[in-house]
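Let's take a walk through this protein model together. Have the 3D view open and turn it around as you read.

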Amino acid sequence: MSKETHLYFTDLSREYGDVVSFYLGNRLTVVLSSPATIREAYRKTEFSGRPRNYLVKLYNPLFTGIVDASYSTTWKKHRHFAVKSLSAFGLGKSSFEAQILAESQHFSNILAIHPMALDPGDFVVAAISNLICVMVFGHRFEYSDKEFQSILHSLRETFSSLVGDRSRDYIPLLRLVPNKFVTKHVTLFEEVKTYIRRQIEEHKRTGKPGEARDYIDAFLTEMDTAKRTDFTENWLVNVVFDFFAAGTETTATALRWTFLYLAKYPEVQERVLGEIREVLADGQAPQYEDLKRMPFTDAVMCEILRLCSVAPLALVHSATEEGTIGGFHVPNGTDIYLNLWAMHHDERLWNEPMEFRPERFLGMDGQCRKDFEAYLPFGTGHRGCMGEQLAKMEFFIFLVTTIRTFSVTFPIGLKPDPIEGTYKLVYEPKTYDLLIQKR
Ligand code: HEM
């Protein structure tokens, strides 16, 4: 596949239909591309499993954690516990807004001392990742902290490694041949997990009974008090890893795309700024509630999540038993790709889908409407995004804080058309410099 995977799959669906099946090596694979089939797969428990891939097994042999574990009673308990305790520490809660706001101000301070053209990607990733650090470790890092930078580097590389050479997943014979890619893949995951294990040890040493400071404390307490056999340290390490993996690169990527599109379309940036100034008094901190009075800004966020489809193929699902999708038989063990990209760019469902046009999300009454069958940037159902509310809050508060403080433009002579991206599990923009200057 020389083309980006989501584009290749989209071509297949345009040629063969909304349910396409084929063999990738020895694995039966189904790609879904229409709102009806994608929603049907999200609704059915039998399609909410995860594949037991060779490459995943190398770094997570027991397939624990939220992302890699298949649909099961234990997985449901962990997902439920994670949502419950993370909401106690912030996930999607208004009490966490102060933390998001403070981090967005740190981010602005860093941008202010870098008035030259640069790609703000590394700072965005550090800022968003810090919010997960607060929830799981109970503290944030300075962006210049060497240990933090090294973990973030490894974490980001794990994404590339997951979409790198997957041939060993599909052609078992190849596993017999030693390979540098596989060694690097395992090393990257181990680096991040070693850091998480150190944090767990530190929490055990310093934690006090009944005083959960963060998610790790809450989990350790659950292990101790409830004596739950399915709450092990192995699960803890992998769940924490998942929060970082799923909660950092995704929101950060949405913000990176937004800055690029606002630089490319200054009139859209002006309109967002106008709305911010209309709704918020000078110096008044943004709150997620304010978004209700900022329909155009809301529409810009929705259009970015549609056009740039940060998770274009969601995460691969697996059939845990046989069933049907769109009337087609799907055998047990089939890998299922939900092609959100194809749905978000389907010309039958969206007018000129490749165009950046936030107005498409504005209803006749001027309010932002999101009730499109073909709009599912966070997935839905059993495997829908756990961090949707948190992501939206972060997205909004960082966007408002940045745009009211800085103008975002391309350096003279650079106006990429189109703005190009790369598929690395998330669809992220290529490196582009921006001038981010104080207003
Ligand atoms: C713009 C930001 C984000 C986007 C577009 C996004 C998108 C998605 C999508 C499409 C899925 C579904 C995967 C599937 O079909 O299996 C997903 C799952 C997930 N997301 Fe997000 N996400 C974002 C931010 C976050 C954040 C901030 C967190 C924080 C914890 C998070 C945690 C997760 C987890 C743990 C899963 C796996 C759920 C499971 O396997 O049951 N996401 N996300």
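The chain has 15 helices and ten strands. Keep in mind that this is a predicted model. How does the chain's radius of gyration fit with that of a compact globule? With 439 residues, such a globule would come out near 22 Å, and the chain has 22 Å, so the two agree. Along the principal axes, the C-alpha atoms fill a box of roughly 60 × 60 × 40 Å.

Now look for the ligand. It is surrounded by 26 residues, and the closest of them are Gly247, Ala314, Gly379, Cys385 and Gly387. Two elements give two or more residues to this shell: helix 11 (233-264) and helix 15 (388-405). Helix 11 gives the most, with seven residues. As for the kinds of residue around the ligand, you'll find 16 nonpolar, seven polar and three charged.

Next, on to helix packing. Two packed helices are described by the angle between their axes and the distance between the axes. Here are two pairs to compare on screen:

| Helix pair | Distance between axes | Crossing angle |
|---|---|---|
| Helix 12 (residues 266-279) and helix 13 (residues 295-307) | within 8 Å | roughly 135 degrees |
| Helix 12 and helix 15 | within 10 Å | roughly 100 degrees |

Start with the pair of helix 12 and helix 13, whose axes cross at roughly 135 degrees. Angles of 65 to 115 degrees count as roughly perpendicular and those over 145 as roughly antiparallel, so helix 12 and helix 13 are oblique to each other. On the helix 12 side, the contact is made by Val268, Arg271, Val272 and Glu275, while helix 13 brings Phe296, Thr297 and Val300. By class, that contact has four nonpolar, one polar and two charged residues.

For the other pair, the axes of helix 12 and helix 15 cross at roughly 100 degrees, which makes helix 12 roughly perpendicular to helix 15. Here Gln269, Val272, Leu273 and Ile276 of helix 12 meet Val400, Ile403 and Arg404 of helix 15. This contact divides into five nonpolar residues, one polar and one charged.

Last stop: a hairpin. Strand 8 (residues 421-424) and strand 9 (residues 426-429) run antiparallel and are joined by four bridges. Thr422, for instance, stands opposite Glu428 in strand 9. Which residue of this hairpin takes a positive phi? That's Leu425, with a phi near 75 degrees, in a hairpin that has one residue between the strands.

How values were computed
Residues are numbered from 1 along each chain as its sequence is written. This is a predicted model: local features need pLDDT of at least 70, side-chain atom pairs count only at pLDDT 80 or more; totals for chains, interfaces and linings use all residues. A residue is near a molecule or strand if its C-beta atom, placed from the backbone, lies within 6 Å of it. Ala, Val, Leu, Ile, Met, Phe, Trp, Tyr, Cys and Pro count as nonpolar, Asp, Glu, Lys and Arg as charged, and the others, Gly among them, as polar. Axes are lines fitted to C-alpha atoms, for helices over the stretch in contact, and angles run from 0 to 180 degrees between N-to-C directions. Angles under 35 degrees count as roughly parallel, over 145 as roughly antiparallel, 65 to 115 as roughly perpendicular and the rest as oblique. Two residues are in contact if their C-beta atoms, placed from the backbone, lie within 7 Å. Two strands pair if DSSP finds at least two bridges between them. The radius of gyration is taken over C-alpha atoms; the globule rule is 2.2 Å times the number of residues to the power 0.38.
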